[in-house]
Amino acid sequence: MSKSILITGGAGFIGSHVVQLFVEKYPSYKIVNLDALTYAGNLENLKAVENASNYYFEKVDIQDALELEKVFEKHAITDVIHLAAESHVDRSISDPLAFVKTNVFGTVNLLNAAKKAWEGELDQHLFYHVSTDEVYGSLHDGGYFVETTPYDPQSPYSASKAASDHFVRAYANTYKMKTVVSNCSNNYGPNHFPEKLIPLCINNIKNMKPLPVYGKGENVRDWLFVKDHARAIDTVFHQGKSGETYNIGGFNEWKNIDIVRLLCKKMDEKLGREEGTSEKLITFVKDRAGHDLRYAIDSSKIKNELGWEPSLQFDEGIDITIDWYLANEEWLDHVTSGAYQDYYQQHYH
Ligand code: NAD
Ligand code: TYD
C-alpha cells in the first residue's frame, strides 16, 4: 500500500526538515503537512518542496477535532508523524495552559482522529510521536537518560510533553494502536526560531545586542544537528519496533556559557570583527525559574538496534548554522518583526 503520511508541525523548525527529507527521499509517498502556523510556524521553511507533486499543506489546529477528521479522510492518511507542539520552556512558564491545550489536548485529538480513521486496522498504521529528553527531568550527579529512566518532568513544557507521551503509550496498550515514541536532545540548525539559545545568540551577535545568559551559564545541554534528528526520525519511522521508545542524542554536551563563547569567537572571525568584540555582549541575567541543570541522552539503543548515529561534528554543524543565518537575513527579518519584538521586550526587559 502506498503511504499518505500526515506530518504535524511541518512548518516549524524540526518539522520542516522532516517534511523536506520525506518529500525528497520518498517521491512515492504523499506527504501532508498539517500546521496551525503559530508564531513558530513559517511556510518559508518549506520553499525547497512547496511545489513538489507529493507535498500538500493543511492549515489546521490540532485542537480542532472535526478538521482533523476531515484531513484524515480527504488524504486517506495511512501514518502520522506528530511534531506539532508548543516548544519553548520560557513561554510555558508564562502561559502553561497554552501547552496543555496544544501538547496534551491536541495530541489526544490527533490520536482520536487516527483511531477513528484506522478502526479495524489499527495494527497496520503507525502513529509516531516525536518527544523530548526533557520528560526525564534534570540530571545532577552524572549519568545519562536511557529509555527506561522514570519520567520526572520539571517545567510546564516537559510536563505537557510527558503527558502526551503517556497518552500515546496508553492508546497502544488500550486500543492496540501501532505507536512509536522518540525522545531527542536539544536540536540546532537552520530554520530555528530565534527565541531559543543558539539562534537568539547568533541574531544578537549579528546585531551587536546583549547575549542574555541565564544564571551562571553552567547548565548543560546535549546538542544535535537538526538534519541528523530528521534522519533519525526517518530511521525510526521505517525500522522502529511498534510500542518501543528510542532516545536520540548527539553525545555532545556543552555548558551554555561555552556555547555562547564559541558562537562569539566564530562570528568575530566570520564578520571580520576584532577577536573578543562579541564576548563583550555576554550579559548574565536572572535565572530561568526551575531551570533544569543538565540533560544528557544515551542513544546506544537506536545506534545498536537501528544503526543510526549523528553524522556531523558539532564544530561543522555550528559553522553550517551560523553561515545559514548570515545568508538568510530576509528570513530572520521576517520572523523577528512584529510579535517577536513584543515577546522579547516582555521576556528580557
Ligand atoms: P517549533 O516550535 O519550531 O515548531 C512547532 C510547530 O508546530 C510550528 O510550525 C507551529 O505552527 C506548530 N503548531 C503549534 N501548535 C499547533 C497546533 N495547536 N496545531 C497545529 N500546529 C501547531 O518546534 P520544534 O523545535 O520544531 O519541535 C518540534 C517537535 O519536536 C515538538 O514536539 C518538540 O517537543 C520536539 N522536540 C524539539 C526539540 C528541540 O530542540 N527543538 C528537541 C526534542 C524534541
Ligand atoms: P533553550 O534553547 O530555550 O532550550 P531548552 O530550555 O529546551 O533546553 O535553552 C537552552 C539553554 O540555554 C537552557 O539552559 C536555557 C539557556 N538560555 C539562556 O541562557 N539564555 C536564553 O536567552 C535562552 C533562550 C536560553
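Select ligand 2 to begin: 17 residues surround it, each with a heavy atom within 4 Å. The closest are Glu134, Arg221, Arg288, His291 and Tyr348. This is a predicted model, where local features need pLDDT of at least 70, side-chain atom pairs count only at pLDDT 80 or more, and totals for chains, interfaces and linings use all residues. Residues are numbered from 1 along each chain as its sequence is written, chains are lettered from A and ligands numbered from 1 in the order in which they are written, and side-chain values use heavy atoms, without hydrogens and water.

**Stop 1: ligand 2**

Show Tyr348. A polar side-chain atom of Tyr348 lies 2.6 Å from an oxygen atom of ligand 2. That is a polar contact (a pair of N or O atoms within 3.5 Å). Next, pick Asn186. An N or O atom in the side chain of Asn186 is 2.9 Å from an oxygen atom of ligand 2. Then try Leu197. Here a polar backbone atom is 2.9 Å from a ligand 2 oxygen.

How much of ligand 2 does the protein bury? Taken alone, ligand 2 exposes 510 Å², and the protein buries 97% of that. Accessible areas come from the Shrake-Rupley method with a 1.4 Å probe.

Now color strand β8 (residues 211-214). Strand β8 gives the most to the shell around ligand 2, with three residues. Strands are DSSP runs of E with at least two residues, helices are runs of H or I with at least four, and both are numbered from the N terminus. By class, this shell has seven nonpolar, five polar and five charged residues. Asp, Glu, Lys and Arg count as charged; Ala, Val, Leu, Ile, Met, Phe, Trp, Tyr, Cys and Pro as nonpolar; the others, Gly among them, as polar.

**Stop 2: ligand 1**

Move to ligand 1. Which of the 29 residues around ligand 1 come nearest? They are Ile14, Asp35, Ser87, Tyr157 and Lys161.

Zoom in on Asp35. One of its polar side-chain atoms lies 2.6 Å from an oxygen atom of ligand 1. At Ile14, a polar backbone atom is 2.8 Å from a ligand 1 oxygen. At Ala36, a polar backbone atom is 3.1 Å from a nitrogen atom of ligand 1. Alone, ligand 1 exposes 840 Å², of which the protein buries 96%.

Color α1 (13-25), β5 (126-132), α5 (156-175) and β7 (186-188). These elements give two or more residues to the shell around ligand 1. The largest share, three residues, comes from β5. The shell divides into 14 nonpolar, 12 polar and three charged residues.

**Stop 3: a salt bridge**

Select Lys74 and Glu58. Their side chains meet in a salt bridge, 2.7 Å from N to O. The term means a side-chain nitrogen of Lys or Arg within 4 Å of a carboxyl oxygen of Asp or Glu. Lys74 lies in helix α2 (residues 65-74) and Glu58 in strand β3 (residues 55-59), so the pair ties together parts that are 16 residues apart in sequence. How many salt bridges are there in the whole structure? A search finds 18.

Conventions:
A polar contact is a pair of N or O atoms within 3.5 Å; within protein, one must be able to donate a hydrogen and the other to accept it, and residues adjacent in sequence count only if both atoms are side-chain atoms.
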